[in-house]
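Welcome! Let us take a walk through this structure together, stopping at a pair of helices and then at some aromatic rings.

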Amino acid sequence: MKSLENRIRTTVENWQMLPAAPTTLILMVSGGADSVALTYLMTRLYPENTYHILHVNHNLRGSESDADEAFVRQLAEELAIPCQVRQIDLAGLQNERGGNLEELGREMRYSLAAELVEALEASDDCSGAGLAGSGVSAGLADLNTSAAADPSACSSLTDLNTSAGHPSSNNSAVANSNAGAGHVDPNTSATDNPTSAMAESGTSTKPVLIVTAHTANDSVETFLMRVIKGGGADSWSGIPPLRNNIIRPLIDITHAELTAWLTEQKLEWREDTSNYDTHYLRAFVRHQLIPLIQSQNPKLVETINRSLKVLSAESDYLATQAQPYLDDPLAAPDLSLIRRALRQAYKNAGGETRALTFELTEAMRLQGQTPGFALDLPGGITARTSSEAKLGFYSRNNLQGAVPSSNPGNHPGSNPGAGFSTGSDYPAEHHSFHATLTLDTPLQTPLGTITMTEIDRQSFGQDAESYARSVASQQHLVIDADALLAASIKDSQPTLQVSSLQAGDWFSPLGMPGKHKKVSDLLIDRKIDRHKRAACLKLMDGDRIVWIIGVQADDRFKVKPESRRLLSIIIRFN
């Protein structure tokens, strides 16, 4: 059986993680067992390289966080490795920005590591001596000059109010800088070559690499977390051994093997008590779910990791097959390719695939061939279908949206903003309109005439969703009548309200079930200026928005395959 050291060498060689020595490596070190083992193993196995240690103190655990920092400083001093410490107020950042604490900590650590890479590449010899005053971290205090001059010393960045950055994660829930168990972009190929990626940047002929202590356990935990939270097959590949300039030489080693090795070597490490707080999903998976499954299969980590390697290879192949369809994802011949092409095209437009839910993907797949279809996606991206029924992705920063055009046959398409009027202002009566829409009775509004009819069951048969998709357009909305409030049904007849928008209006955009968005934010995202926003009208079911008319439908009223009673709502613009 290969020794632990030889297995690490095999991983590094198989993935070509290290270019020819000497290479500058940033070790992400929290003080936990995995990152401490990483530090000793890398410096012993590859002594010809230049090393730097980066420790991020999140200031989440008071004196424990400070003790972790002191431990890492002492480790760096003993090994004569330059050490950079970053202090951030992670809890304060979460209060300011919102979001998940674990995810924010991971982002901060990777961002701070990237800043250190830039600083080292900009220095003359990557030894750390040229870092003083180099602006390693915008918004953070400058490096201590005397410490930076001594390669074996630690320097500290201590502005706790900084909002700079991103970074890694170890076997800690959040409060470590080891870069273990962080989430990675599920669509990033594990075969990305860090050496070529850095060379293409033109910043350095000797790339500076970030080394994280992700283990086989971290990869399994990440996989199980994605299974729990949901995600496509492309996100079920575990943690890639390398991604751009980030390498993970311990990815084939288990946490138990590393702690055994440290014990055998009589080396110490820090324990993070927050690792055992099962309120965090990773801690729950690690300490409750995995032990339960291991009672049936003690080799669970090894078993799942083998499967993840198979899934990763198949995911890479699927990505290659989807490539020809990125300009027209819905033209792909297979369901799996359509979904993959949609996600990849969204990513190419600047979105993050982790934010693209299954519901959003399905909304595009099922309705995206309807001319006039438009769907706001996370990350400032809008999916729109042209008059030729071709779905494309656009940055909302570049769209010229506004209220519906006076030309009812004109739909938004490949020309962003087409199908929307950006002309003269609308008259004042738009600002305070309110009327009741009843079945089979045309309603005159400042935008045009609206009619609501019930669709005969024979028209849509057993597949209501397909029917709704086939007729939907900017002017035509089909909804599930059974989703309406009981108060909106009078004598078995639906009655809805049409009115002007009000400050504070919110709804749940189609494709984003359970998510709330302010209507004002939607219209701003669409680049609709203030006086044109006042011209927009909303269709209401009680106090719930059904449709921002001609702009965006609400997800709560969408037609499902099993829907049995449908309402057709059509506006004929003035």
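Keep in mind as you look that this is a predicted model. Start with helix α1, residues 4-14, and helix α9, residues 255-264: their axes come within 11 Å and cross at roughly 130°. Angles over 145 degrees would count as roughly antiparallel and 65 to 115 as roughly perpendicular, so α1 is oblique to α9. On the α1 side, the contact is made by L4, E5 and R7, while α9 brings E257, L258 and W261.

Now for the rings. How many aromatic pairs does the structure hold? There are 2. One of them joins Y346 and F393, whose centres are 6.4 Å apart and whose planes stand at 55°, a tilted arrangement. Y346 belongs to helix α12 (residues 335-348) and F393 to strand β10 (residues 391-395), so this pair ties together parts that lie 47 residues apart in sequence.

Finally, look for charges placed over rings. R9 lies over the face of Y46, 5.1 Å from the ring centre. At Y110, the charged end of R243 sits over the ring, 5.6 Å from its centre.

Definitions and conventions
Residues numbered from 1 in each chain as written. Predicted model: local features only at pLDDT ≥ 70, side-chain atom pairs only at ≥ 80, totals over all residues. Heavy atoms only, no water. Axes fitted to C-alpha atoms, helices over the stretch in contact; angles between N-to-C directions. Helix = DSSP H or I, 4+ residues; strand = E, 2+ residues; numbered from the N terminus. Parallel < 35°, antiparallel > 145°, perpendicular 65-115°, else oblique. Contact = heavy atoms within 4.5 Å. Phe/Tyr/Trp six-rings, centres within 6.5 Å; stacked < 30°, edge-to-face > 60°. Lys NZ or Arg CZ within 6 Å of the ring centre and 35° of its normal.
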